[in-house]
Amino acid sequence: ENFPDGTYEKARLRFAHAETLVPFTCLLGLFLEGSDFEKIQREEPLDLPPMPPQRRNWKGALVAPFASNNMLALYQCPGNDGKKTSQDQKNSYFVQVLHNEAPVSMPGCGNKDLCPFEEFKV
């Protein structure tokens with residue numbers, strides 16, 4: 001984009017309804033059971049959820065209650081005096097997913113709350 005040197009876009013915000021939020025939450029792998037995230041990545045169908053009263057993570061009332069929201073936060077973390085020794089330090093940008101203003105772990109990033117941006121893009 002045509003930004004002057006030293007400047008960058010700080011945010012590009014998108015808004016949607018529950019009909020978009022639920023599939024987006026599922027594609028991020030939030031609230032999925034066991035290996036369901038890997039099945040989504042391979043574009044395989046998911047197994048049917050257990051019938052109540054068994055416990056399950058994906059519950060419509062929790063995933064998409066009235067006024068539900070997802071937020072992706074991008075953090076830039078400075079390196080250690082320019083020395084990059086570990087895998088995480090090599091990535092200066094990290095993504096955090098918040099669901100209804102609460103941080104959630106991401107299955108696609110080894111169930112970490114902060115995911116290196118390069119890993120998140122994959």
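Show the surface of the whole protein chain first. Its accessible surface comes to about 9,600 Å², and 56% of that belongs to carbon and sulfur atoms. Accessible areas come from the Shrake-Rupley method with a 1.4 Å probe, and for residues only the protein chains shown count as cover. The model is a predicted one: local features need pLDDT of at least 70, side-chain atom pairs count only at pLDDT 80 or more, and totals for chains, interfaces and linings use all residues. Residues are numbered from 1 along each chain as its sequence is written, and side-chain values use heavy atoms, with hydrogens and water left out.

Switch to a cartoon view. The protein chain has five helices and four strands. Helices (H or I, at least four residues) and strands (E, at least two) are DSSP runs, numbered from the N terminus. Read from the N terminus on, the order of elements is α-α-α-β-α-β-β-β-α.

Next, colour by burial. A residue is buried under 20% relative accessible area, exposed over 50%, and partly exposed in between (1.4 Å probe, protein chains only). Of the 122 residues in the protein chain, 20% are buried. Contacts, meaning heavy atoms within 4.5 Å, can be viewed by their spacing along the chain. Among those between residues at least 6 apart in sequence, 46% join residues at least 24 apart.

Select helix α1, residues 18-28. Which of its residues are buried? They are Leu21, Thr25 and Leu28. Seen down the axis of α1, these residues fall within an arc of 65 degrees, so they line one face of the helix. The arc is that of the directions from the helix axis to the C-beta atoms. On the other side of α1, Glu19 and Leu27 are exposed. The buried residues of α1 pack against α2, α3, β1 (70-76), β2 (93-99) and α5 (117-121). Glycine 29 follows α1 and has a positive phi, near 85 degrees.

Now select Leu28, Leu30, Val97, Val104, Met106, Cys109 and Cys115. These seven residues make up the largest nonpolar core. A nonpolar core is a set of buried Ala, Val, Leu, Ile, Met, Phe, Trp, Tyr and Cys residues joined through side-chain atoms within 4.5 Å. In soluble globular proteins, nonpolar side chains tend to be buried together. Stay on valine 104: leaving out residues up to four places away in sequence, it touches Leu30, Phe31, Val97, His99, Lys112 and Asp113.

Zoom in on cysteine 109 and cysteine 115. Their sulfur atoms are 1.8 Å apart, and the two form a disulfide, that is, a pair of cysteine sulfur atoms within 2.5 Å. By this rule the count is one disulfide. The torsion about the S-S bond is about -60 degrees, so the disulfide is left-handed. Both cysteine 109 and cysteine 115 are buried. Cysteine 26, by contrast, is partly exposed, at a relative accessible area of 21%.

Move to lysine 39, in helix α2. Is this lysine buried or exposed? Lysine 39 is buried, with a relative accessible area of 15%. Apart from residues up to four places away in sequence, lysine 39 touches Glu44, Pro45, Leu46 and Asp47.

Finish at asparagine 57, in the loop between α2 (36-41) and α3 (60-63). Asparagine 57 is partly exposed, at 41% relative accessibility. Residues up to four places away aside, asparagine 57 touches Phe31, Leu32 and Glu33. Leucine 32 is 25 residues from asparagine 57 in sequence, and their C-alpha atoms are 6.3 Å apart.
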